[in-house]
Amino acid sequence: MKFFLFKLTLLSTAILPLKLIHFLGMLMGKISWQSNSRIRRIAEKNIKLCFPELTHLQQEELVKKSLYETGKVILETGKMWLGNTHKTLQLVKKIENQHLIDDALKNNKGVIIAMPHYGSWELTSLYCAEHYPMTTMYAPQEDLKVENLMRQARQRTGAKLVPIDNSGIRAMSKALKQSELISILPDQSPKNNGLFVPFFGQPCYTMTLLSKLAQKNNATVIFTYAKRLDDSSGFEIIFRESGKDLSKLGLEDSVAQMNLDIEKLIRETPYQYQWTYKRFKEQEEGKPSVY
């Protein structure tokens, strides 16, 4: 019954116009703010840590706007997973710097698409897989029905999904060696093998996988997000190159540069980042949780 209701909700929102989805998402965000929800409190702590230069009122406004965007992310899922593929891709109204991918591929280099939880990462993945061979890592779900639904949704434009394990890492390396694309959510907190490096000036337990793959395969790393347009007519997909070649740096320097690149990207449209995620949950030994 739970899966039936879940899928019914996705199907219902998939057919709604994007402007209505965004309007309803804003209402969800307002309810989250007014009810002093758990995700509001998480966002408040994250934004206070990451934007100490803002006044209290400015931080509060950023929290509100980020909650509105969280509501939009949730309600967009139906359209991104079950919406008509052609119509969903037509929501991409602008593209900036796609030549960065094309230039790397022309030089026979594999490309790592670093796709933070920012804007509509589901749409970015659909778009990239539609235009290039792409392998994507994902976390398998305990519910097999949800697992199958998610895999079908995310693979429908050609992406190849691989699990977060050694077999998945081997598949990612193979794709890079063949001068293809892989995509990684670089701001996902690792379970192990991470490093504490700065993120918005705060020590942050950060994955090393992206940097290791770049180093091992001499790959180009490109950062991206799908920015929601102000009039809710669609999205602009933006690609940015790293400030330094992550494949040529030592591991800790490479991971630190990755976080710096993500931070720079987020500062372009900070309210569209997923501040409701406990990014600083892991702390260095002896330090209390910030949450």
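Predicted model: local features only at pLDDT ≥ 70, side-chain atom pairs only at ≥ 80, totals over all residues.

Residues are numbered from 1 along each chain as its sequence is written, and side-chain values use heavy atoms, with hydrogens and water left out.

Now colour by burial. Of the 291 residues, 49% count as buried (under 20% relative accessible area; exposed is over 50%, partly exposed in between, with a 1.4 Å probe and protein chains only).

Next, select Ile112, Leu210 and Trp275. These have the most contacts inside the largest nonpolar core, which has 41 residues. A core here is a set of buried Ala, Val, Leu, Ile, Met, Phe, Trp, Tyr and Cys residues joined through side-chain atoms within 4.5 Å. Among the elements giving two or more residues to this core are α4 (56-82), β2 (111-114) and α11 (251-266). Then show Met80, Ala104, Leu149 and Ile237, which belong to a second, separate core of 33 residues.

Back to Trp275: what does tryptophan 275 contact, leaving aside neighbours within four places in sequence? Its partners include Ile42, Ile47, Phe51, Phe200 and Pro270, where contact means heavy atoms within 4.5 Å.

Hop over to leucine 75 in helix α4. Leucine 75 is buried, with a relative accessible area of 15%, and it touches Thr13, Ile21, Leu24, Gly25 and Met28, not counting residues up to four places away in sequence.

Time for charges: the structure holds 10 salt bridges, each a side-chain nitrogen of Lys or Arg within 4 Å of a carboxyl oxygen of Asp or Glu. Pick glutamate 53 and arginine 267, whose side chains meet at 3.5 Å, N to O. Glutamate 53 lies in the loop between α3 and α4 and arginine 267 in the segment after α11, so the pair ties together parts that are 214 residues apart in sequence. Keep arginine 267 on screen: it also forms a salt bridge with glutamate 263, the closest N and O atoms being 3.2 Å apart. Arginine 267 is partly exposed at 38% relative accessible area, whereas glutamate 263 counts as buried at 14%.

Now try glutamate 69 and arginine 228, a salt bridge with its closest N and O atoms 2.8 Å apart. Glutamate 69 sits in helix α4 and arginine 228 in strand β8, 159 residues apart. Are these two buried or exposed? Both are buried.

Last stop: phenylalanine 4, in helix α1 (residues 2-14). At 51% relative accessibility, phenylalanine 4 counts as exposed. For contrast, click phenylalanine 235 in strand β9 (residues 235-241), which counts as buried at 0%.

Methods: Helix = DSSP H or I, 4+ residues; strand = E, 2+ residues; numbered from the N terminus.
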